Amino acid sequence: MPEKTLLHIEDLKLHFRAGKGTVRAVDGVNFDLETNRAVVVVGESGCGKTSLAKAILRLLPRNVETYSGKVYLHDTDVMQLNDEDYRRKVRWIKISMVPQAAMNALNPVLKVGDQVAEPAIIHNAMDKETALAQARKMFQHVGVPLDFLDRYAFELSGGMRQRVAIAMSLVTAPDLIVLDEPTSALDVLTQANIFNVLKRIKSELGMSFILITHDIATSSELADSVAVMYAGQIVETGDAQRFFAEPLHPYSRKLMASVPRLRGDQEPDFIVGQPPSLINPPTGCRFAERCPQRFARCVEDPPTIRQDGRTVKCWLHVA
Amino acid sequence: MNTMTGTAQGGGTAVTAAERPQEDVLLSVQDLRVWFELRRFGFGHAGYVRAVDGVTFDLHHSETIAIVGESGCGKSSLMKTILALHRPTAGELFFEGRRLNDLKGQELRLYRSQVGYIQQDPYGALAPFMSVQRILEEPQIINGIKSRSEREARIRNALEEVKMSPVEDFLPKFPHMLSGGQQQRVVIARAMLLDPKLIVADEPVSMLDASVRVEILKLLRSLQDRHHLAVIYITHDLSTVRYFSERIFVMYAGQAVEKSLIDDLIRNPLHPYTMALLSATSDPDANNATRFRDVPPGEPPSLVKPPAGCRFHPRCAYMMKGLCDVEEPPHFEPEPHHLVACWLHR
């Protein structure tokens, strides 16, 4: 493993029990993340993106059937820790999360300053004064005026509340932040603002990010590398430069072609059909049914091919 | 305030507004204002929320316009007034020459049957306890289509139009059994049921997955072509507008600040707010990660006490003191069919 690797995930699985059978939401995911880098996980809804975030943070619902694999954080396998140790040593301290629609999840009866300080009091054992000072520092990083510390969530606009949610994830000084659709409910200008904030945190604090989104155009605002998820599996990983220029997997190509663009002349296209159910996913390549380039071999599960630092799970790339 | 005199391209043929006969105007909005009264303790007057404050435009038969703006700029209030859900505070609305301001009873129902509405959130727009068949039958019953066989024929027709076939498979299904894209198709089918002349689509694809978005937009586009519908497409996402409409209005704080053809707007945005919107819209490009976006500081103003003069002046980099913060800019026309409410272009 290279020295700079912050997070290394190997064969991560998260299956749920459901009425009709086992839902294979995360089904053998591998990827790496280096320090001070941002990886975006893109895919359609229902492909297991949010479950992947929950699996990394071990925020599991009660109907878990399988939860296995290896998650190395700074070379230690955090999957070996028991729940209590994980809670005390990893969650918030090392990895924090901005969940989907976090801005609507702020407590309406707490001042936002107190709310942002709370994780530091609980997880870093700070006293209230120090924690509030820390919160104040984070407010400056995300660009919320300091007099907002004494306001309540309902007094803030959507963009400001989203910044507060990001400040809260920063306050415990973690190594990694998992962002789940941080801007999907926001206006264009606010969205651009939030990404400016994230870029600034990345360069000023050396933060690393996992950004989960279905919006490919805005994901390029932060991405150093890209992981494309389809039906519970990662089908392609690679650096952003080469990915956005030329994706390898047929699904990634289709996904890129479906993005409406403001500049340039290409007509966007859509992907025919729907992602498969995660209860009984097809054997073989899971995208085969919708793939314009499928051929005889696609009935077998494709291996993950590594070429020039990129990986792709597709028979087309087998030499 | 000037009236929009831009080119109107409908159904692929370009006809300038001057050449169009007046009776070709389907919907005419004249200096429309929609204000909501704020009350203190339930009875004391505490001012107005000026959601729409002086909007003027003409929409021709089989023409598509896009209304773009951030949340809170009044685009939904404008839409709801056009749907006759809100009453205008001032100004006038005409649909095929008939004044809409105080339609009542039978006339109002007739008007509404000619206007289809596509909601933003398809799941929220479909009653969860109704099957697709009932969802599509109800508007027909309300509008007095008595023959059962005619109702069924219309349902079948509408579902085939939105490419939900075989129809039998979908009729007994409930909304939760459908995917997001299919739900939105049912909503579109419902809007098409009574052969409307105008469709109002409020962010029809913003809740959908990227891969389905384009499919739904193309479907709307083909319906519009085939049935010569006029469409008002309301959105905050500039990148989808290009594929859908020819004319575009940019709204800010209750007013239309720029009106033009979409290609002109993208090529040469004139209002500083439009420039900001365009520069904040990203295309997938790895170089985005290395640069910061220019975003005007601050937030849209309160609509209770909007700033004097140009409503964008507190955030504008080109603000001219003594002019922009004092006098409201009229619409200038620096290039043909491209109107902008900004003193920079006087």
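Trainee: How many bridges join S1(A) to strand S4 of chain A?

Mentor: The model is predicted: local features need pLDDT of at least 70, side-chain atom pairs count only at pLDDT 80 or more, and totals for chains, interfaces and linings use all residues. Residues are numbered from 1 along each chain as its sequence is written, and chains are lettered from A and ligands numbered from 1 in the order in which they are written. Strands are DSSP runs (E, at least two residues) numbered from the N terminus, and two of them pair if DSSP finds at least two bridges between them. S1(A) and S4(A), residues 64-73, run antiparallel, and the bridges joining them number eight.

Trainee: Which residue of S4(A) is the bridge partner of His15(A)?

Mentor: S1(A) covers residues 5-18 and also pairs with S2(A), residues 21-34, in the antiparallel sense over 11 bridges. There, Lys13(A) has Asp27(A) as its bridge partner. On S4(A), the partner of His15(A) is Thr66(A).

Trainee: Which are the edge strands of the open four-stranded sheet in chain B?

Mentor: The antiparallel sheet has the order S4-S3-S6-S7. Two bridges join S6(B), residues 90-95, to S7(B). The strands that pair on one side only are S4(B), 44-60, and S7(B), 98-99.

Trainee: Which helix gives the most to the side of chain A that touches chain B?

Mentor: In total, 37 residues of chain A are in contact with 31 of chain B, contact being C-beta atoms, placed from the backbone, within 7 Å. Helices (H or I, at least four residues) are likewise DSSP runs, and H6, H7, H8 and H9 of chain A each supply at least two residues. With seven residues, the greatest contributor is H6(A).

Methods: Two residues are in contact if their C-beta atoms, placed from the backbone, lie within 7 Å.
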